[in-house]
Amino acid sequence: MSFFKKHLLFTSYAVFLLLNIAFCLFAFAGDRVGRANGTIIEKEYTVSDFTLRGIEEISPGVYCSTTADPQMVLEGFTGTVRRVEIDVEMSRDPGEFNLFYKPVEGMEDFSAQYRTWAVKTGDSHFTLKGHGATVYALRIDPGIFAGNTMRFKSIVFNPKQPLSAYFQITYRWLFYFLTVPPFMLSLFLYVIGLFKKSSSYKSAE
């Protein structure tokens, strides 16, 4: 690789990092503005706030999934959800832990097109990223197995996050960091090459 290309590759990584920093700062500022004007509200829910489907309470505070598609539906909800943190002890790994939402008012059914997957951030702690805009209903699917017992400690919508939380490095981010700058550089050099070829053909004519 020539010095020129190495320099461009370094520049591509630098631009990627700067854009990520700007995006994180923008998200942090947007969160604080939303909290100040009341569009983003932190609120804690309990299991009793949800309509349970395929989940039964087997003893005080202890629930069990009775189907392979347990659901916790929060109908009549309207608001902005950026993040949901759930602290729940389970008898087994849930397999999948999803958050479904309705981005359109009057939408009849939940759709797999509008869902996010939880990230396990502790022994019993799951974090789900919300839609970021107004939603009109939510559904939490805490697993894909029947017979999974659950004890919910807390369910918090829009918990306040420190600035450092917006700069967390994940495996997905590392994948993008390693692949996006080289791809964009290759695309840039390819376009430049086509432009040079086109210019040389016109000169030859």
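How many bridges join strand 2 to strand 5, and do these strands run parallel or antiparallel? The model before you is predicted, and in it 3 bridges join strand 2, residues 51-53, to strand 5, with the two running antiparallel. Within this pairing, Leu52 stands opposite Met72.

Strand 5 also pairs with strand 13, residues 138-141, again antiparallel and through 3 bridges. Here Met72 faces Ile140 across the pairing. As for the two faces of strand 5, residues 71-74, both are covered: Gln71 and Val73 are buried on one side, and Met72 and Leu74 are buried on the other.

I turn now to the nonpolar core. The largest one holds 24 residues, and Ile86, Leu138, Phe152 and Phe157 touch the most other members. At least two residues of this core come from each of strands 5, 7, 8, 11, 13 and 14. Strand 14 provides the largest share, with 4 residues. In soluble globular proteins, nonpolar side chains tend to be buried together.

Phe157 deserves a separate word. Leaving aside residues up to four places away in sequence, its contacts include Phe50, Leu74, Phe77, Val84 and Leu138, and also the charged residues Glu42, Lys43 and Arg83.

Finally, the largest pocket. Its space amounts to about 1500 Å³. Of its 36 lining residues, Phe23, Arg83, Lys129, Tyr166 and Thr170 lie nearest the centre. By class, the lining has 18 nonpolar, 12 polar and 6 charged residues. Helix 1, residues 3-37, contributes the most to this lining, namely 11 residues.

Terms used:
Residues numbered from 1 in each chain as written. Predicted model: local features only at pLDDT ≥ 70, side-chain atom pairs only at ≥ 80, totals over all residues. Heavy atoms only, no water. Buried < 20%, exposed > 50% of the residue type's maximum accessible area, 1.4 Å probe, protein only. Pairing = 2+ DSSP bridges. Core = buried A, V, L, I, M, F, W, Y, C linked by side-chain atoms within 4.5 Å. Contact = heavy atoms within 4.5 Å. 1 Å grid on protein atoms, 1.4 Å probe; cavity = no way out; pocket = protein on both sides within 12 Å on 5 of 7 lines; lining within 4 Å. Points joined across faces, edges and corners; volume = space filled by probe spheres on them.
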